[in-house]
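Time to open the model and take notes.

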Amino acid sequence: MTDISKIIEELPFYEKLLLKDLEENENISPEEVAKKDNINIKSVMSAAGSLAAKDIITVNKNTEEKVKLSKAGKEFAEKGLPERRVLNVLAYEKEIPMKDLAKKCGLDKKESVIALGWLNRKGWAKIDKGTLKITDKGEEAVDNYGEDEKILKKLFSSQGILKSELTEDELKGLNTINKRKNLIKNKKITSHSFKLNQIGKNIIKHGFEIGDRKEEATQLTHEDLKNGTWKNLHYRPYDINAETPKTFPGKAHPLRKIIEEIREIFLDMGFTESNGTTLDSAFWNFDSLFQPQDHAAREMQDTFYVKNPSECKLPDEEIVKNVAKTHEDGGNTKSTGWGYDWDVDVAKQSVLRTHTTGISTKYLASHEPPLKMFSVGRVFRRETINYKHLPEFHQVEGLVAAEGISFQHLLGILKEFYKKLGFEVRFRPAYFPYTYMSCECEIYLEERHDWIELGGAGMFRPEVLEPLGIKVPALAFGIGIERLAMIRYDISDIRMLYKSDIKWLRDIPLDNGVKLKFDY
Ligand code: DAH
C-alpha cells in the first residue's frame, strides 16, 4: 500500500467528509461545513484538529475585534450627544444664559458638564460673561454631523461591526467616541479557516470514497459476531502510537500512603495494632508517663485542653492510686518520686493527645506481656505553623514488653524499621521523663547539610511500669510521620502535605505496591 492510500484508509468518516468539502471549496468556513453536512461545529473542529495533527491541512485562527455600543452609548445615540443637543438649541437662540442651559436643552447636571466640555473642544460655542454663544464653527456644524456622531449612528443601527470593516474616517470617529468612557464595547471574535497542505492535496489528487458512515466500525459488538455482519463492516485501523490524553485515576494521598507502608512494616515485624482516642485524659497523656503535674509540656501554650467534655473518666482506682503514689514519693519503685501533692482533678482534664505514648501505657495496663504493639494516630500541639511545624500531625508509637528486653533491642528494632522504609538513621542520647535510657533518631539530609530529628525512644522507667503492674522491661518509641513523608517525597515545606495541591498530587509517583487497607 502506498503511503497515501494508507493515510486515506485510516481517515475516519468526518475527516473524509471535511476533505471532500475542502476539495469543492477550500475557503469554506467551519460554520459552513457544519451547516452543509448537518453536523455540529465541535465535530467539524475535532476532525479539522485531527487532520491538522497529521499535517493534512492547516487550521488558521483569526481574531478580529468587534465594536458595539454599551447601554450608555445607545442612550447617547438615541438622544444625540449632549453638545449636539445644545447646538440644536443654539442654532435658533444663538445664545443661552449659562444658568438656563440645563433647562433649555433638557440636560441633567452630568450631561451639561459633558456638553460644555465638548462644545469647547469642538469649538462650537464659547462662554462670554455668563452666556453661551454659538461660534462660526458651530453654525457650520448645525447641518454637518461629525465623524463621531456618524459612527455612533451606524453602530446604533447594527448589532456590532467588525473593526476591519470600518473606513478610515469611521475609525477616526470611533477614536473620538472612545475618548468618552464606557460608550463602546470591544469584543474579540475568533474564527477559523482551513488550508490544504501538500498531503491534503495529494489525498484529493489520489481520490477517495467517503463511504457510508454506518458501515465504519470501531468496535466489534456481540451482535455483529452473532449475526455475521462483522464480515461486511469496514474497520478503521487503530494507530497504536497515537498520543492519548493523560488520565489521573484516583490514588491514595502520599501521607496516607506512607502510613500504610509503616503499618505494613510493623505488622510484618510481628507487632499487633492498637488504637487510642484523640481526646484523652491528662492521666494517660501525662500522669501515667510520670510527667509531674507542673511539667512544662502540660502548659496551656503547648497542650490543647478541651472544654466540653472538660473531664475524662479515670481507670481503675488501683492504677490511679499507684500512679499518684509514685508521683508523690516513688511508691514501690525505690524512686523518691517528684515530691508534691498529686491532684486527681488535674489528671481528669480532657486534652487532645499531644503524643501517642499514652496508648503504650494504656495498653500495658490492660495486656499481659510478652507483647509487641504499634499504633498510628493524630496528635495535637499548640505549634506556630511554619515549614516544619503543624499543630496537628501523625505519630507512630511502638511498644515491646517482655522478659530480657533491653536498650539493644530498641536500637535494633528502630534500625530495622527505618531500613525497611529506606532510611539510614543515627541515634543520639536524649531525655524524656518516662524513659531511661532514652534516645532520639536522626537522619542526615544531604541538601540541608544537617541532621533532622525523627522521633524519640527509650526504656520505660520503673516509675511508669510499676504502677501498671508490669514486672518486665519495656521499650517504646514515638516517630513523627510527616517528617518521614517530607524526606520520602522530597518536599521542603510540611504544609504541602495538607494543601491539596492538585498538580503535586497528580505528579507524585506512588509505586511501591502497598495497598490501602483502612482509614484512621
Ligand atoms: N512521645 C515522644 C514525643 O512525642 C516520643 C517518644 C519518646 C515516645 C520516647 C516514646 C518514648 O514511646 O519511649 O516526642
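This is a predicted model: local features need pLDDT of at least 70, side-chain atom pairs count only at pLDDT 80 or more; totals for chains, interfaces and linings use all residues.

**Entry 1: α14 and α19.** I started with helix α14 (residues 254–268) and helix α19 (residues 407–421), whose axes come within 10 Å and cross at roughly 135 degrees. Angles of 65 to 115 degrees count as roughly perpendicular and those over 145 as roughly antiparallel, so I wrote this pair down as oblique. The crossing is right-handed. Which residues make the contact? From α14 I listed Glu261, Ile262, Ile265 and Phe266, and from α19 Phe417, Lys420 and Leu421. Sorted by class, that gives 5 nonpolar, no polar and 2 charged residues.

**Entry 2: α14 and α21.** Next I checked α14 against helix α21 (residues 481–488). Their axes also come within 10 Å, crossing at roughly 110 degrees, so I noted them as roughly perpendicular to each other. On the α14 side I found Leu255, Ile258, Ile259, Glu261 and Ile262; they meet Ile481, Glu482, Leu484, Ala485 and Arg488 of α21. The class count for this contact is 7 nonpolar, no polar and 3 charged.

**Entry 3: the cores.** The largest nonpolar core has 48 residues, and Tyr418, Phe477 and Leu484 have the most contacts inside it. Helix α19 gives the most to this core, with 7 residues. Another core lies apart from it, with 27 residues, including Ile319 and Phe460.

**Entry 4: Phe477.** I looked up what Phe477 touches, leaving out residues up to four places away in sequence. Among its partners are Phe266, Phe271, Leu410, Ile413 and Leu414. Phe266 was already in my notes, from the α14 side of the contact with α19.

Notes
Residues are numbered from 1 along each chain as its sequence is written. Side-chain values use heavy atoms; hydrogens and water are left out. Axes are lines fitted to C-alpha atoms, for helices over the stretch in contact, and angles run from 0 to 180 degrees between N-to-C directions. Helices (H or I, at least four residues) and strands (E, at least two) are DSSP runs, numbered from the N terminus. Angles under 35 degrees count as roughly parallel, over 145 as roughly antiparallel, 65 to 115 as roughly perpendicular and the rest as oblique. A crossing is left-handed if the near helix is turned anticlockwise from the far one by less than a right angle, and right-handed if clockwise. Contact means heavy atoms within 4.5 Å. Ala, Val, Leu, Ile, Met, Phe, Trp, Tyr, Cys and Pro count as nonpolar, Asp, Glu, Lys and Arg as charged, and the others, Gly among them, as polar. A nonpolar core is a set of buried Ala, Val, Leu, Ile, Met, Phe, Trp, Tyr and Cys residues joined through side-chain atoms within 4.5 Å. Buried means under 20% relative accessible area, exposed over 50%, partly exposed in between (1.4 Å probe, protein chains only).
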